[in-house]
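Thanks for coming, everyone. Let me put the model on the screen, and then we will walk through it.

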Amino acid sequence: MKKARIKTSTDAHAFIDAVAAHHGWHVNPDAGFAEVLAGGLAANYNRFGYYQCPCRDSWAGDRKKDADIICPCVYSKADLDEYGQCYCGLFVTAELAQSGRGAASIPERRPQELFP
Amino acid sequence: MFDYIAFERIAGASTSAELKLFVLSTCAFCEQAKAFLGEHGLAYSMSVVDLLPNEEKRRVRNEFVRELRTHLRFPTLVVDDSRTLVGFDRSAWTDALLRRS
């Protein structure tokens, strides 16, 4: 049986850049902040087999129940529209990226009943 | 509260409030929260929730709802087993922790 390759932070950065380019978003310009999240995404991929949101508790490998919070989560577009950033602060609008404000925690949009 | 958890104790010069920090090992706002507490010399206890056994995680989530009337989000700081700061907001944490009367 073929063993899944371990994802590194570098792999996660490539994924993050591809997502940002696809959606026309920006990656948080705070490199240290983005690095924590890239490492978190890689860790989650290696634990669960998918890039689960690094800022939310998960169903620990139940891909169907975690489907809405696989990065980019289904809430990210609405969060970028309303707050200029996704829940994690990984993806941001051009305006926020250029403002120098930095990301901050925002309200959770995911319905409570979807959490473990 | 949460006495079944083996918290990591982080030393600090200030122990005026009992602080319990709940984080994920993967979250950047959690790192900012830890840095904030460290910068201000606040002693706290920390639990890395994604690394807990599932049964303990369940107990923690339930205790948040039952005792603190809030859902567990990351990071969350529990102050004196009664108040919660949910999510990291530097301004709100400064007001709540450093400007206490």
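One definition to start: a residue is buried if 20 or more other C-beta atoms lie within 10 Å of its own, exposed if 12 or fewer, and partly exposed in between, with C-beta atoms placed from the backbone. Now the ground rules. This is a predicted model, where local features need pLDDT of at least 70, side-chain atom pairs count only at pLDDT 80 or more, and totals for chains, interfaces and linings use all residues. Residues are numbered from 1 along each chain as its sequence is written, while chains are lettered from A and ligands numbered from 1 in the order in which they are written.

Take Arg69(B). Arg69(B) is exposed, with 8 other C-beta atoms within 10 Å. Its phi is positive, about 55°, although Arg69(B) is not a glycine. As background, most residues other than glycine have a negative phi, and most peptide bonds are trans. Where does Arg69(B) lie? In the loop between H2 and S4 of chain B. Those labels are DSSP runs, numbered from the N terminus: helices are H or I with at least four residues, strands are E with at least two.

The peptide bond from Phe74(B) to Pro75(B) is cis, with omega near -10°. Pro75(B) sits in the loop between H2 and strand S4 (76-79) of chain B. Chain A has a cis bond too. There, Cys71(A) and Pro72(A) are joined by a cis peptide bond, omega about -5°. Pro72(A) belongs to the loop between H2 and helix H3 (76-83) of chain A.

On to the strands of chain B. Two strands pair if DSSP finds at least two bridges between them. S1(B), residues 8-10, pairs antiparallel with S3(B), residues 44-48, over three bridges. S2(B), residues 19-23, runs parallel to S3(B), and four bridges join them. Val23(B) stands opposite Val48(B). How does the chain cross from S2(B) to S3(B)? Through helix H1(B), residues 28-39, in a right-handed β-α-β crossover. Right-handed here means that, with the strands pointing away from the viewer, the path from the first strand over the helix to the second runs clockwise.

Next, the hairpin. S4(B) and S5(B) run antiparallel, joined by four bridges. Leu77(B) has Leu85(B) as its bridge partner in S5(B). Three residues lie between the strands, and Asp80(B) takes a positive phi near 50°. Asp81(B) also has a positive phi, near 55°. Asp81(B) is in the loop between S4 and strand S5 (83-86) of chain B. Buried or exposed? Asp81(B) is exposed, with 11 other C-beta atoms within 10 Å.

Now the core. A nonpolar core is a set of buried Ala, Val, Leu, Ile, Met, Phe, Trp, Tyr and Cys residues joined through C-beta atoms within 7 Å. The largest one has 52 residues, and Leu37(A), Leu21(B) and Val23(B) touch the most other members. Which element gives this core its largest share? Helix H2 of chain A, residues 31-48, with eight residues. Leu37(A) touches Pro54(A), Cys88(A), Leu90(A) and Ala28(B), leaving out residues up to four places away in sequence. Contact means C-beta atoms, placed from the backbone, within 7 Å.

That brings us to the interface. The contact takes 16 residues from chain B and 16 residues from chain A. On the chain B side, H1(B) gives the most, with three residues. That side divides into seven nonpolar, five polar and four charged. For that count, Ala, Val, Leu, Ile, Met, Phe, Trp, Tyr, Cys and Pro are nonpolar, Asp, Glu, Lys and Arg are charged, and the others, Gly among them, are polar.

Last stop, chain A. Gln112(A) is in the segment after helix H4 (94-99) of chain A. Gln112(A) is exposed, with 8 other C-beta atoms within 10 Å. Ala67(A), in the loop between H2 and H3 of chain A, counts as partly exposed, with 14 C-beta neighbours inside 10 Å.

Note on methods. Contact = placed C-beta atoms within 7 Å.
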